[in-house]
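Trainee: Please walk me through one spot in this model in close detail. Then show me how the rest is put together.

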Amino acid sequence: MTDIQITKEEIMAIFPKVAEIIAAALPCDLERVKPETSLIDDLGAQSVDFLDVVFRLERAFKVKIPRGKIVKEARGDLSEAEFDQGGVVSEAGLQRLKTFLSEVPPARLSTPLKVADIPRLFTTETFCKMVIRQQRATAAEPPKPA
Amino acid sequence: MNPPTLYDAGLSDGVAIVTGGSRGIGRAIVEMLAAAGMDVDFTYRENAKAASEVVAAGQGARITAEALDVRDATACGAFVEKVVERTGRIDLLVNNAGVIRDNPLTALEEEDVRVVLETNVTGTFNMARAVVPFMVSQRRGKIINISSAAGEKGGRGQTNYAASKGALNAFTRALAVELAPRNITVNAVAPGVIETDMSREVRERAGDEVLSRILLRRIGRPVDVAGAVWFLASRFADYITGEILHVDGGFKME
């Protein structure tokens, strides 16, 4: 899977709406939601909150985001065995994450990183990018027969 | 919504979805919830005539009927979307749609097993999966699954039906754990022998013998079950989750 570049402008264009959705779902004050804010570590989100955030994003942006998509996409072309070595992200996996989660400070992407801890890395920007990817995928789909 | 008084059930103006609401227990549930002031959207599989009778009988009540096969996950999703578009929210889901295809194990056709499990179990999954995201967002909601005494007590010729209802009981307890953090309760009502079209064959086959196994010595009425659903849907049951409420007159298998 090759990642098509997502520009900062594209991200900032939808950021206000995404931030508003995250603040409403958790809930928390809107001003606490910055592009680089980690939902779990900074805002205390739980896994059920992620489902709520994704559900609200789907409705607001009229896109379908398959559950588990973000983790699968994070793996890219790597197989599960290449990526996940006994619950820890492999060296190749880390390199891949540095590209996919370019918004995450590199210091957070160092060994050992548990696979289960990957969602801790997700920031508001991660969700912005997820929406943009899905918008592009939806636009690229051939029209469905009526 | 006005703040409820101490003895107000808190159902008026709520929005409910009831699957399989055109006849029997489902119809009684629809009518009781509508009488309590809820906006009730019920589904039916094929009996459009019975469904329109329920709507017509509920004069002044807010009752809407929609044809839906709960085995179709996409259709369930579309139905729930439609309800939310109209009402803005969902307060209650009653998974009542169910079928029965009794026969001794070796006489069961593959189809008898499949249809019962797909309708009773997969259908419940499909509806819950469509509704839960809205309830999670609302941070409130109630789900009530209509199980059966057969789910725990067995019954000759009911392996498929009993397995489906046992699955619903397990589903109820597991989903209650999952959704409790979001203030959503999940319970089940397990009716015994109730006077409906669906149970007629079972009742005729069992004859009077069945009464000897019911402590209260009578067959239950759909309204007996609907009353339990009303209670679990009400504000009075806000602190109850993961429970299977038996409405069976004290049914004993011997």
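Mentor: Let's start with B:A16, which sits in strand β1 (residues 15-18) of chain B. Strands here are DSSP runs of E with at least two residues, helices are runs of H or I with at least four, and both are numbered from the N terminus. Keep in mind that this is a predicted model, where local features need pLDDT of at least 70 and side-chain atom pairs count only at pLDDT 80 or more, while totals for chains, interfaces and linings use all residues. As for labels, residues are numbered from 1 along each chain as its sequence is written, and chains are lettered from A and ligands numbered from 1 in the order in which they are written.

B:A16 counts as buried because it has 29 C-beta neighbours inside 10 Å. (Buried is 20 or more other C-beta atoms within 10 Å, exposed is 12 or fewer, partly exposed is in between, and C-beta atoms are placed from the backbone.) Leaving out residues up to four places away in sequence, B:A16 touches B:L33, B:M38, B:V40, B:D91, B:L92 and B:V94; a contact is two such C-beta atoms within 7 Å. B:V83 lies 67 residues from B:A16 along the chain, with 9.4 Å between their C-alpha atoms.

Now for where chain B meets chain A: each side of the contact puts in 5 residues. On the chain B side, 3 are nonpolar, 1 is polar and 1 is charged. For those classes, Ala, Val, Leu, Ile, Met, Phe, Trp, Tyr, Cys and Pro are nonpolar, Asp, Glu, Lys and Arg are charged, and the others, Gly among them, are polar.

Over in chain A, you'll find 7 helices and 2 strands, running α-α-α-α-β-β-α-α-α along the sequence. Buried residues are 25% of its 146. Of the chain A contacts with a separation of 6 or more, 64% join residues 24 or more positions apart. Along the principal axes, its C-alpha atoms fill a box of roughly 40 × 40 × 30 Å.

One helix pair there is worth a look. In chain A, the axes of α1 (residues 8-25) and α2 (residues 47-61) come within 9 Å and cross at roughly 140°. Axes are lines fitted to C-alpha atoms, for helices over the stretch in contact, with angles from 0 to 180 degrees between N-to-C directions. From α1(A), the residues in contact include A:I21 and A:I22, and from α2(A) they include A:V53 and A:L57. By class, that contact has 7 nonpolar, no polar and 4 charged residues.
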